[in-house]
Amino acid sequence: MCCPSALAGRPAAPTDRRPLRIGIVCFAALGGSSTVAASLAGQLAGAGHAVFLLAPVPPLRLQAGGGVRFRAMPGAGHPLRPGAATEVDALAQALAAVVAADGLDVLHAHYAHPHGLAAVRARDLLPVGQRPVVVTTLHGTEVTALAADPAMAASMRAALLASDGVSAVSDFLADAARSVFHMPRPVVIPNAVDAVLRAPGAGGLPPRPAGQRRVLLHVSTLRPVKRAVDCVAILALVNRRLPCRLLVVGEGPDADALRREAVRLDVADQLCFAGATADVGSFLRQADLLLLPSASESFGMAALEAMAAGVPVVGSRVGGLVEVALDGVCARLLPVGDVAGMAQAACELLLDPRLAAAYGQAGRRIARARYAPAAVADAYLGLYARALGAAARARGLPCGSGDHPAANPVFTDHQPRCHR
Ligand code: GMT
């Protein structure tokens, strides 16, 4: 088993550390997976690799001037709406053209659907000598929601087994993938946090004078799975004991439901929307607490960013969030939907500044120690190197098909083996 803290002790990657040509395929929309992909791209470019970000538009968090080259791809859905087969085919064609033109060694797909599917198809469209290895990273709802559709599950399973390497962002997600897709357990490589640790703090709210209302922050894509409406119920309960307001960063389908709930609970004046922003750090620095009452989280990037900024987290005890935001250390995690419990936990932290400071400091320590961008990028480089090594061996060894790099896909931290 690999947990985030194990990254530091991970065996060194194969010694072949020549600069690679890496294509990173991701969604451009808001959301943790595009943040993760953009940050990884910048880290790899900073380490001397030629990195190409392949998405419909540059992700909000892609830093200008970081040496990452952007290539516009046709869209093939987003986490809210899986792409149609024709869209996935169009993306595969476009990816194959970029791989050929830019001479990519690695195609790293973030999300099994549509990017893992399209990347595998792109590889197989190319002549043997031009094929990159395909590494697919699982992020969440493709396993926990999309795979409920049997046809979708079958196509994702095929793409994962045909990938040259597969990773998941938490132990929870790796276990879920193994059982949902009946596949070997993916390598666990956690997400990294950097933006908030480094952000200089441009923009955002003005500093909060002493005595001003406390700020409860919620950062998400406002999808139903985030249960952002629960944040309004928590706001109303906490506000009875001490004046506070709820600041919502992000955009999404539940925005109107939040407004309606705020009117219903008579806290509309205490609800404030900041919209989508690349500078979450400036809002985190104004926040007293982060609320993340999600129904499901394979990881919880918003919680990790809060931890990195020293902000305690109150959220739900679900999925991979329990691995990241440690309950009783830097977070208070309650059952999904327990808004009274979450409001009580929020009040305890807001009314006890020493407890809140201790949680904040613990969060910062954990974020720095376990989720450092360089260590995470190194773990991906190790996965790329093992996939490249396995693909090369597959071309030369009898266990491989000889023309298909994924004859020895890398799923575990151990030496890849022939499994078909
Ligand atoms: O699948 C989604 O819900 C969207 C996705 C995203 O693009 O942000 O979120 C998932 O990936 C993030 C990055 O790895 C994780 O932090 C989120 O926990 C995960 N979302 C869910 O599991 C609901």
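1. Confidence of the model. The structure is a predicted model, and the protein chain averages a pLDDT of 87, with 85% of the residues scoring at least 70. Over residues 198-207, however, the pLDDT is below 50, although this stretch has 16 contacts in the model beyond near neighbours in sequence. A further stretch, residues 414-420, stays under 50 as well, and for these residues the model has eight contacts beyond four places in sequence. Where pLDDT is low, the predicted coordinates should not be read in detail.

2. Helix α8 against helix α9. Two packed helices are described by the angle between their axes and the distance between the axes. For α8 (residues 228-239) and α9 (residues 255-264), the axes come within 9 Å and cross at roughly 20 degrees. Because angles under 35 degrees count as roughly parallel, α8 is described as roughly parallel to α9, and the crossing of the two helices is right-handed. On the α8 side the contact involves A228, V229 and V232, which meet A257, L258, E261 and A262 of α9. The residues of this contact divide into six nonpolar, no polar and one charged.

3. Helix α8 against helix α13. Helix α8 also packs against α13 (residues 339-350), where the axes come within 9 Å and cross at roughly 55 degrees. That angle makes α8 oblique to α13, and the crossing of α8 and α13 is again right-handed. From α8 the contact draws on D230, A233, I234, L237 and V238, while α13 contributes V339, A340, M342, A343, A346 and C347. Sorted by class, the contact of α8 with α13 has 10 nonpolar, no polar and one charged residues.

4. The loop residue V267. Residue V267 lies in the loop between α9 and β12 (271-275). V267 counts as buried because 21 other C-beta atoms lie within 10 Å, and the cut-off for a buried residue is 20 or more. Leaving aside its neighbours within four places in sequence, V267 is in contact with V232, L235, A236, N239 and A262. The C-alpha atoms of V267 and R245 are separated by 8.4 Å, although the two residues are 22 residues apart along the chain.

Terms used
Residues are numbered from 1 along each chain as its sequence is written. This is a predicted model: local features need pLDDT of at least 70, side-chain atom pairs count only at pLDDT 80 or more; totals for chains, interfaces and linings use all residues. Axes are lines fitted to C-alpha atoms, for helices over the stretch in contact, and angles run from 0 to 180 degrees between N-to-C directions. Helices (H or I, at least four residues) and strands (E, at least two) are DSSP runs, numbered from the N terminus. Angles under 35 degrees count as roughly parallel, over 145 as roughly antiparallel, 65 to 115 as roughly perpendicular and the rest as oblique. A crossing is left-handed if the near helix is turned anticlockwise from the far one by less than a right angle, and right-handed if clockwise. Two residues are in contact if their C-beta atoms, placed from the backbone, lie within 7 Å. Ala, Val, Leu, Ile, Met, Phe, Trp, Tyr, Cys and Pro count as nonpolar, Asp, Glu, Lys and Arg as charged, and the others, Gly among them, as polar. pLDDT is the predictor's confidence in each residue, from 0 to 100. A residue is buried if 20 or more other C-beta atoms lie within 10 Å of its own, exposed if 12 or fewer, and partly exposed in between; C-beta atoms are placed from the backbone.
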